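This report describes a single protein chain. Please keep the sequence and the structure in view while reading.

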Amino acid sequence: MLSGRFEIKKKIMDKIIEEVVNEQLHAEIWSSNLCLVFQLYFFEQKLPMLSSWLDVQIQKKSLRIRKLAEFLILGKANVVIREQVCRAEEWQSPMMALNALLAHEQYFHQQVVDFLNWVHHANNPSLQELASDLYADEMHLGDFILELLRILTKEWRRRLPFE
């Protein structure tokens, strides 16, 4: 029999933290699905570098999804995954798809910023450590990619007078 000093305590996660982490989990799943649609489109358009970059993003998102779910499970919280529909898009040109990707990156970047701001004010060191681990390089990389996409978008507009 174990002595009292080895008593196991089940920690129940705060419901607000559970909801916020589940929302971020849902956002990562949604973003991963959308990146898959973009990746397949750019692959079909014979743009392998963009398709390959998106494949890396999907892998990163998959790791984040797993870590967020693990955080919830280890905290004895519920993992809530809402139904999502992922459908192929019919962009009329790679430029339209690139603009849609830029909009997605901007939107998701703001989701991450909001999540990190909330986590910063939460009194939960393990959640703060997780968030820092998940998004440490993403903020800088996201800013870089957004700027690169803006440059490409402006350049393509100059070359395609009909858009």
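The sections below cover the overall fold, the nonpolar cores, the salt bridges and selected residues.

## Basis of the description

The model is predicted, and local features need pLDDT of at least 70, side-chain atom pairs count only at pLDDT 80 or more, and totals for chains, interfaces and linings use all residues. Residues are numbered from 1 along each chain as its sequence is written, and side-chain values use heavy atoms, with hydrogens and water left out.

## Overall fold

The protein has 5 helices and 0 strands, in the order α-α-α-α-α along the sequence. Helices (H or I, at least four residues) and strands (E, at least two) are DSSP runs, numbered from the N terminus.

Of the 163 residues, 38% count as buried. Buried means under 20% relative accessible area, exposed over 50%, and partly exposed in between, with a 1.4 Å probe and protein chains only. The accessible surface comes to about 10800 Å², with 58% belonging to carbon and sulfur atoms; areas come from the Shrake-Rupley method with a 1.4 Å probe, and for residues only the protein chains shown count as cover. Among contacts (heavy atoms within 4.5 Å) between residues at least 6 apart in sequence, 82% join residues at least 24 apart.

## Nonpolar cores

A nonpolar core is a set of buried Ala, Val, Leu, Ile, Met, Phe, Trp, Tyr and Cys residues joined through side-chain atoms within 4.5 Å. The largest has 19 residues, and those with the most contacts inside it are Val21, Leu68, Phe71, Phe115, Leu127, Leu130 and Tyr135. Two or more residues of this core come from each of α1 (15-44), α2, α3 (94-121) and α4 (125-135), with the largest share, 6 residues, from α1. Apart from this core lies another of 16 residues, among them Tyr41, Ala97, Leu102 and Leu149.

Leaving aside neighbours within four places in sequence, Phe115 is in contact with Val20, Val21, Gln24, Leu127, Ala131 and Tyr135.

## Salt bridges

There are 6 salt bridges, each defined as a side-chain nitrogen of Lys or Arg within 4 Å of a carboxyl oxygen of Asp or Glu. One joins Arg82 and Glu23 at 2.7 Å, N to O. Arg82 is in the loop between α2 and α3 and Glu23 in helix α1, 59 residues apart. Both are partly exposed, because the relative accessible area is 38% for Arg82 and 43% for Glu23.

Lys61 and Glu28 form another, at 3.8 Å, N to O, and this pair links helix α2 with helix α1 across 33 residues. Lys61 counts as buried because its relative accessibility is 4%, and Glu28 is buried at 0%. Lys67 and Asp133 meet at 3.0 Å, N to O; Lys67 lies in helix α2 and Asp133 in helix α4, so the pair ties together parts that are 66 residues apart in sequence. Salt bridges that share partners also join Glu28, Lys61 and Arg64 into one network.

## Selected residues

His26, in helix α1, counts as buried because its relative accessibility is 15%. The side chains of His26 and Arg82 are joined by a polar contact of 2.9 Å. Such a contact is a pair of N or O atoms within 3.5 Å; within protein, one must be able to donate a hydrogen and the other to accept it, and residues adjacent in sequence count only if both atoms are side-chain atoms.

Gln111 is found in helix α3 and is partly exposed, with a relative accessible area of 25%. Not counting residues up to four places away in sequence, Gln111 touches Gln24 and Ala27.
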